[in-house]
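Hi,

Here is the structure I promised to pass on to you. Have a look at it first, and then read my notes below.

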Amino acid sequence: CGVFGVVGVADAANFVALGLHALQHRGQEAGGIVSHHPLEGFNSARRFGYVRDNFTSQSLMETLPGPLAIGHVRYSTAGSKGAAIRDVQPFFGEFAMGGAAIAHNGNITNAIALRRELIERGSIFQSSSDSECIIHLMARSLQRNIPERMEDALRRVEGAFSIVAMTRTKLIGVRDPLGVRPLVLGKIGDGWALSSETCALDIIGAELVREIEPGEMVVITADGGVDSVFPFRRQSPKFCIFEHVYFSRPDSIIGGRSVYETRRQIGVELARETPVEADLVCPVPDSGTPAAIGFAHESGIPYGMGIIRNQYMGRTFIEPTEQIRNMGVRLKLNVNRALIRGKRVVLVDDSVVRGTTSRKIKQMIIDAGAAEVHFRIASPPTAWPCFYGVDTPQREKLLAATMSEEEMREHLAVDSLKFISLDGLYRAAGEASGRNKSCPQYCDACFSGEYPVAPSDMIEKGFQL
Ligand code: 5GP
Ligand code: SF4
Ligand code: MG
């Protein structure tokens, strides 16, 4: 998901709509905005579909007045498929001291247990979302102001959360102690912005101030400054390495590093680790493009656009049903026959999850007359589900969970299939000496099976580590 918030500018909701549009790659199912106006109070609008199809109408935007607003773009994670509008964020709740609205990116790993406990104690849930627990925990807290209630609430929450929240007068940003999901602070005129990624600061002309740190909570008022507290026990950070590989936009900056540059460097590492004789390096667009550029540069094999992407389709993986996903590949990608014919082709993609995309693309390339197909993948085999906010399927559906690399190669029926090593990936992400095995610098659970936070709900449901 993507979260965005602005305080201290006229008609903040318009800025939030722009920010969410720039974060659309983080969630395409639905979006919502809550604003606050000193005279008109809280207002909210939540809609299915793209930001540009909903939050551009003047009549809708006029219902969201005020100098303070937050928003969310939704991408449903496991267990919450087929969303109802009541599951679309931000969530707003009225309780002592005026209430609050929150937008959450990540996944709470003890949400089922928390929900059970809250319902037993009388909370009335409106949605099926894990994020709603936070509002109820805040409502029950005995602290005397909302930021402190939020600290209280979040100390009970396990898992991944980057949150943008608002009270009647304050914009609040928090990251979980591991800092799994991104969150940055920007300055716009006299106001402030919080965003999942820097690309959304760019679109509104805000300047990047800094990242919110893992375990940090900032409380921002329009006229005052930015107050910072660290409410949680300090832990060693575990930012999601898959944000670098796929999830973030390549024009964003993470940890002072360009996402594009990291992806290009993954391609360089891949070419070094798994060289191959070939005539053409093609990306699977768009997610494989920077790595393919790096691969071509390092290997000296010419780069070409052997697959053309229809720009009017969204991200395939994020389409919730299997059927739509299956159609999606052909609706979205087509082969550039004239370029491919007779060539030994290296195809570079970011990841293999179920293998459905790769199988279809391989077939399209062969049908177009390619002589050989060599897959190079910009991440290690995805063998474990993510419980921290990226929607990977159940373990059984992950190709790499049930097959060896050679079996996967046979299954995809390609001439070769190679993945970047975990160390190579860490080097590309700026860790010169690779992955620190005793304390990895990132979360890489979907590749390594080492979960930095025990997924307690899933363990209760029978998931085996
Ligand atoms: P597959 O067909 O192997 O299931 O899907 C792999 C494709 O899904 C890759 O091309 C990748 O770009 C895309 N993808 C989109 N979202 C995600 C995600 O959340 N996780 C993973 N691992 N791949 C994703
Ligand atoms: Fe990111 Fe994978 Fe960790 Fe999920 S499991 S947070 S996708 S690195
Ligand atoms: Mg892709």
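**What I found**

Helix 6 (residues 146–154) lies across strand 6 (100–108), strand 7, strand 8 and strand 12 (217–221), and runs at about 20° to strand 8. In these notes helices (H or I, at least four residues) and strands (E, at least two) are DSSP runs, numbered from the N terminus. Contact between two residues means that their C-beta atoms, placed from the backbone, lie within 7 Å. Axes are lines fitted to C-alpha atoms, for helices over the stretch in contact, and angles run from 0 to 180 degrees between N-to-C directions.

Before going further, the ground rules. This is a predicted model, in which local features need pLDDT of at least 70, side-chain atom pairs count only at pLDDT 80 or more, and totals for chains, interfaces and linings use all residues. Residues are numbered from 1 along each chain as its sequence is written, while chains are lettered from A and ligands numbered from 1 in the order in which they are written.

On confidence, the chain has an average pLDDT (the predictor's confidence in each residue, from 0 to 100) of 94, and 95% of the residues score at least 70. The ipTM is 0.92 and the pTM 0.95.

The domain assignment (bounds from an automatic or database assignment) gives domain 1 as 2–237 and domain 2 as 258–435. Taken over C-alpha atoms, the centres of domain 1 and domain 2 are 33 Å apart.

**The antiparallel sheet**

The strands that helix 6 lies across include members of an open six-stranded sheet, with order 5-6-7-8-12-13 and antiparallel pairing. Pairing here requires that DSSP finds at least two bridges between two strands. Strand 5 (91–93) and strand 13 (226–229) each have a single partner strand, so these edge strands are left with one side lacking a neighbour in the sheet. From one strand to the next the twist averages 20°. Five bridges link strand 7 (residues 159–166) with strand 8 (residues 170–175), and Val164 sits opposite Gly173 of strand 8.

Gln89 and Pro90 are joined by a cis peptide bond with omega about 0°, and Pro90 is in the loop between strand 4 (68–74) and strand 5. Met97, in the loop between strand 5 and strand 6, has a positive phi of about 65° although it is not a glycine.

Strand 17 is joined to strand 20 (residues 344–349) by four bridges, with Val345 as the bridge partner of Leu280. Another cis peptide bond joins Pro285 and Asp286, with omega about -10°; Asp286 is in the loop between strand 17 and helix 10 (289–299).

**Ligand 2**

Which helices each supply at least two residues of the shell around ligand 2? They are helix 8 (241–247) and helix 17 (445–448). The residues around ligand 2 (C-beta atom, placed from the backbone, within 6 Å of it) include Cys240, Cys386, Cys443, Asp444 and Cys446.

Best wishes
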